[in-house]
Amino acid sequence: MSVGVLSPHMNTPANSQGILIGDKVYSEVFLAIDSSIIPEESLSSTPSMLDGLDHETETNLRILGCELIQSAGILLRLPQVAMATGQVLFQRFFYSKSFIKHSFEIFAMACVNLASKIEESPRRVRDVINVFHHLKQGKGKKITPLVLDQNYINTKNQVIKAERRVLKELGFCVHVKHPHKIIVMYLQVLECEKNQMLVQTAWNYMNDALRTNVFVRFEPETIACACIHLAARVLQIPLPSKPHWYLVFGATKEDIREICISTMKLYSREKPNSEQLEKQVEKRKVALEEARLKAKGQNPSGTPALAAIGGFSPASKPSSPREVKIEEKSPNSKLVKESENRQLFPKSPLNGDILYLCNRLRFKIDLFFLRRSHSGTYSSQSSRSPSPRQLKGHRASPVTQLRTERDRQSESSRNSNKRRRSRSRSRSNSRERGRERDYVKHKHDRSHHWDHRERDRDRPHDQGRSKHQSRSHSGRRHRR
């Protein structure tokens, strides 16, 4: 980016009107400090005024945003050049965008973050958000630390996006020429650089003028002359007036007067209240949203608005419910419904998928209720299938035929499962009975075997005893 106007022989095409690319003519890209000066037409009708915000409220918002940037820069220990750059970027951005559609606090944070990078004194986004959170609490109140929750993450993302938005709207033309050095240079020419009070007062007036729009309306040399002139008038220090000294540096009397009036008005204004300003902006935002919805023919809630109450009439219903049942049961009604669906939903892959999913869901619901009815949760009438006589005069649709076939298959599978279970149970019962019989027989055999063994043991003893008795009887006989 060049400072000043490009000369005709530098980087200029052969065609003075521009470069022909295709069927369109494109002019050259011209970036200079003069392009940052906003014309009077844009100053009179800003985007905020077009959205319905009054001039006084917009001025208070600009002053409040610049004060926040200045205070945050002091707490972040930024150089004065970085704070001045942030305020100028803030003023430039809101001459291209509205305060109604963009939060001035978020964009003030973005301007501080961007200015610290431009002036080679970068600060973290977290530090910028912490400082603004501290300033928002105010003095004399209990200071609470910033909680690192989802709101903090959202604010951080908004600040990063706002910084990109500022760069995009300004066309990456973020160079700012400050009059700080120019004031010192002009006082050296006037041989007043040793007067520290004059230098400091002119410097202070220039820093206060950053809250106004003079930095987007006038050249930095003119602003430096106006600050020196105002400081000399307040301190009653005489400066050359025949002719006026600022004419040497290309400034005019009207410009000096306008800058001095704009700067002095700051000291007679009341301090802007951030809460009241936010309420006014929110009120205007709601009014704009309602007007936008009304233009679209919708209510503020998002529902479509009716042109007239008498024009709305619900669809007429048939006289008797029997006709409705007949229409639903007849196959012709199904064809009519399909034709209506085709008219409502034209042929497209998305609509076809939706209809397929609806039919699939309806089939699953019907199948679920049929299974419940077969399981016996409902009454006998609902689970009872229609007789062949009832179905004789009524021709079933393919879907119902498919359902009945599936129901029969499921019922046959259930019956076969029941038979298998009954067979397996009978087999298991017969096996158990056979085992019991074997066990009883085995037990009986064992008991019988033990009885025989006991008898065999007792037999020799009894025989010996009988022999002994017979012998004793025979001896007695012989003795006799």
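A residue is called buried when its relative accessible area is under 20%, exposed when that area is over 50%, and partly exposed in between, using a 1.4 Å probe and protein chains only. By that rule C225 is buried, with a relative accessible area of 0%.

Before I continue, a word on the source. The model is predicted, so local features need pLDDT of at least 70 and side-chain atom pairs count only at pLDDT 80 or more, while totals for chains, interfaces and linings use all residues. Residues are numbered from 1 along each chain as its sequence is written, and side-chain values use heavy atoms, leaving out hydrogens and water.

Let us turn to the chain as a whole. Of its 480 residues, 28% count as buried. Contacts, meaning heavy atoms within 4.5 Å, may also be considered: among those with a separation of 6 or more, residues 24 or more positions apart account for 73%.

How many disulfides does a search of the whole structure find? The search finds 0, where a disulfide is a pair of cysteine sulfur atoms within 2.5 Å. C227 is itself buried, with a relative accessible area of 4%. For the sulfur of C227, the closest cysteine sulfur is in C260, at 7.7 Å, again too far for a bond.
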